[in-house]
Amino acid sequence: MTEKLTDDQIKEMQRFSWRIRMEAIKCIAEFGLGHVGGSMSVADVLSVLYSNEMKYDPANPQWEERDRLVLSKGHCAPALYATLALKGFFPMEWLKTMNKNGTHLPSHADRLLVPGIDMSAGSLGQGGSVAAGMALAFKLDKKPNNVYLILGDGESQEGQVWEMALFAPQHHLDNLIAFVDYNKLQLDGFCDDICAMGDMAAKFEDFGWFVQNLEDGNDVVAIHEAIETAKTQTTGKPSMIILNTVKGLGWSEIQGKTNSHAPAVSHEQLEEALTELQSHYDAI
């Protein structure tokens with residue numbers, strides 16, 4: 001049994017998630033547009049992973065004993081870049097340069113340019129295969145490292161995701177903990193209107209995964225407890241945690257709306273968004 005989180009630890013994770021959102025939208029606004037919605041919905045799971053769960057060393061990003069994170073929905077890199085900068089992997093000033101000429105931070109996650117990125121992502125569906133390959137390699141080498149995978153819901157319409165969903169249980173990859181950022185929206189609209197996924201939890205269960213379906217996928221305590229359950233109560237099968245999230249969470253202008261995927265962000269809109277996000281931070 002794992003130790004229960006203290007109130008201070010919970011507040012720290014909650015505050016960190018809002019800081020991720022604020023820094024992510026600031027770096028998007030510097031360029032003028034970007035993937036705001038998914039960056040906002042994924043901030044809470046990133047906060048939990050980098051606060052209490054993952055083994056990593058900002059001073060040594062290639063540390064062999066580190067856990068691996070694959071952000072398969074690589075267009076939500078602004079949230080991961082903000083997380084890494086806040087944790088000291090690289091200077092905060094880099095966030096102002098995202099997607100500009102000469103930057104270290106392209107619009108999608110790039111392991112060759114960004115300290116702390118374990119996979120270059122952008123072609124949706126591929127991250128799952130890479131994460132499963134990493135997990136299998138650790139198994140073959142008898143290493144204790146865990147691999148964490150974050151998939152999008154629209155991304156999960158890709159056939160490659162379901163090939164991986166068959167592969168991982170076949171090879172008993174209990175060192176693989178995956179998440180679906182199930183915010184119900186993709187580039188062109190609502191997922192159910194484009195290619196409905198039905199009961200995603202039941203699908204992964206049928207494929208042989210240990211599945212947890214979080215009603216509030218933006219609740220850091222629920223995310224933490226689900227990860228701990230996956231680590232301590234599962235043997236011989238990979239884990240899937242369905243995060244029922246809200247796209248664009250924290251900025252009411254786009255929150256839960258079809259324009260939330262990759263809107264333009266003016267300096268005036270940035271100030272409005274930051275004021276709203278800061279109010280959430282201050283309320284903790």
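What does S239 count as, buried or exposed, and at what relative accessibility? At 2% relative accessibility, S239 counts as buried (buried is under 20% relative accessible area, exposed over 50%, partly exposed in between, using a 1.4 Å probe and protein chains only).

Some ground rules before going on. This is a predicted model, where local features need pLDDT of at least 70 and side-chain atom pairs count only at pLDDT 80 or more, while totals for chains, interfaces and linings use all residues. Residues are numbered from 1 along each chain as its sequence is written, and side-chain values use heavy atoms, with hydrogens and water left out.

**The sheet**

S239 has its place in strand β7 (helices, H or I with at least four residues, and strands, E with at least two, are DSSP runs numbered from the N terminus). Leaving aside residues up to four places away in sequence, S239 touches L176, I177, A178, W209, F210, A230 and T234 (contact means heavy atoms within 4.5 Å).

Zooming out, there is an open sheet of 5 strands in the order β1-β2-β3-β7-β6, with parallel pairing (two strands pair if DSSP finds at least two bridges between them). β1 (68-71) and β6 (210-214) stand at the edges with a single partner strand each, so one side of each is left without a neighbour in the sheet. From one strand to the next, the twist averages 15 degrees (axes are lines fitted to C-alpha atoms, for helices over the stretch in contact, and angles run from 0 to 180 degrees between N-to-C directions).

Strand β3 (residues 176-182) runs parallel to β7 (residues 239-244), and 6 bridges join them. β2 and β3 also run parallel, joined by 6 bridges. V180 turns up in both pairings: its bridge partner in β7 is I242, and L151 stands opposite V180 in β3.

How many of the residues of β3 are buried? The count is 7 of its 7 residues. In a regular strand the side chains alternate between the two faces of the sheet. Here L176, A178, V180 and Y182 point one way from β3, I177, F179 and D181 point the other way, and all are buried.

**Helix α9**

Helix α9 (residues 220-233) has 14 residues and reaches 20 Å from its first C-alpha to its last, close to the 20 Å expected at 1.5 Å a residue (the expected span is 1.5 Å times one less than the number of residues). Its buried residues include V220, I223, H224 and A230. Among the elements covering the buried residues of α9 are α1 (7-31), β3, β6 and β7.

**Rings and charges**

W162, F204, F207 and W209 form one aromatic cluster (rings of Phe, Tyr and Trp, the last by its six-membered ring, pair if their centres lie within 6.5 Å; planes under 30 degrees apart count as stacked, over 60 as edge-to-face and the rest as tilted). As for charges over rings, NZ of Lys or CZ of Arg must be within 6 Å of the ring centre and within 35 degrees of the ring normal.

| Charged residue | Ring | Distance to ring centre |
|---|---|---|
| R21 | W18 | 4.4 Å |
| K184 | Y182 | 4.2 Å |

**Loops**

K184 lies in the loop between β3 and β4 (185-186), and at 31% relative accessibility counts as partly exposed. Phi of K184 is near 75 degrees, a positive value in a residue other than glycine. H172, in the loop between α6 (159-170) and β3, also has a positive phi, near 55 degrees.
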